[in-house]
Amino acid sequence: MTAETELKALMLASQEGDAAAHRMLLERLSRHLRAYYKGKLAKIGRGATEAEDLVQEAVLAIHTQRHTYDPGEPLTPWVHAIARYKLIDFLRRDRAPMANVPIDEASEVTARDDHLSAESSFDLARLLKQLPEQIACAIEAVKVDCLTVAEAARRCRISESSVKVNIHRGLKALAALIAQRAQR
């Protein structure tokens, strides 16, 4: 069984409400995404911490966007588009040099669907309510509203370093909440 076949079977079972399949899908995708991000970030001198943050962001996006996956299409390109979008968003936010990001990757990102369903938005809002207020504020400001860290610090009335720490901790907490929900 190829990775595509196995991951697609898990996604289809997940969309049918199989919690164990959803949890296994997110775990397997996390491993693939971790390797993907470490390889990409190493080329521009970035470390494993940033790769882990991107893994958490991509897993969260896959969880909230899973309703947009078309079962008639291969899964890998759908996941890859989300992963690339998150990487380019990170590079743009961090003002990192994008010279090493091939142009074909950037054009594929434009195929991304920005329209969240009401269900996914509600799902994310419910997850964020389970986090401490300042952590949820930092994640919502930077990851949802696309503010800079400085802008998020002003909105949340905390330091810029606290915003970064809260995002890192919050994304890990969200991934754990998603995994818990998948086990139910």
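Predicted model: local features only at pLDDT ≥ 70, side-chain atom pairs only at ≥ 80, totals over all residues.
How near do the axes of α2 and α4 come, and at roughly what angle do they cross?

Residues are numbered from 1 along each chain as its sequence is written, and side-chain values use heavy atoms, with hydrogens and water left out.

Let us start with the overall plan. The chain has 9 helices and 0 strands, where helices (H or I, at least four residues) and strands (E, at least two) are DSSP runs numbered from the N terminus. Along the sequence, the pattern reads α-α-α-α-α-α-α-α-α. Of the 184 residues in the chain, 42% are buried (under 20% relative accessible area, with exposed over 50% and partly exposed in between, using a 1.4 Å probe and protein chains only). Contact here means heavy atoms within 4.5 Å. Among contacts between residues at least 6 apart in sequence, 65% join residues at least 24 apart.

Now to the opening pair of helices. Helix α1 (residues 3-15) packs against helix α2 (residues 19-42) at an angle of about 140°, and their axes are 8 Å apart. Axes are lines fitted to C-alpha atoms, for helices over the stretch in contact, and angles run from 0 to 180 degrees between N-to-C directions. α1 and α2 are therefore oblique to each other; angles under 35 degrees count as roughly parallel, over 145 as roughly antiparallel, 65 to 115 as roughly perpendicular and the rest as oblique. On the α1 side, E6, L7, L10, M11, A13 and S14 meet A21, H22, M24, L25, R28, L29 and H32 of α2. By class, this contact has 8 nonpolar, 3 polar and 2 charged residues.

Here is the pair from the opening question: the axes of α2 and α4 come within 11 Å and cross at roughly 45°. That makes α2 oblique to α4. From α2, the residues L25, L29, L33, Y36, Y37, K40 and L41 meet L75, V79, H80, I82, A83, R84, K86, L87 and F90 in α4. This contact divides into 12 nonpolar, 1 polar and 3 charged residues.

Helix α4 also has α3 as a partner. These two pack at an angle of about 130°, with axes 9 Å apart, which makes α3 oblique to α4. E50, L54, E57, A58, A61, I62 and Q65 in α3 meet W78, V79, I82, K86, L87, F90 and R93 in α4. Here the division is 9 nonpolar, 1 polar and 4 charged.

What lies inside? Leaving aside neighbours within four places in sequence, L174 is in contact with L60, L127, L128, L131 and I139. I139 belongs to α7, where I135, A136, A138, A141, V142 and K143 are buried along with I139. Following α7 comes C146, whose phi is positive, near 60°.

Technical notes
Nonpolar A, V, L, I, M, F, W, Y, C, P; charged D, E, K, R; others polar.
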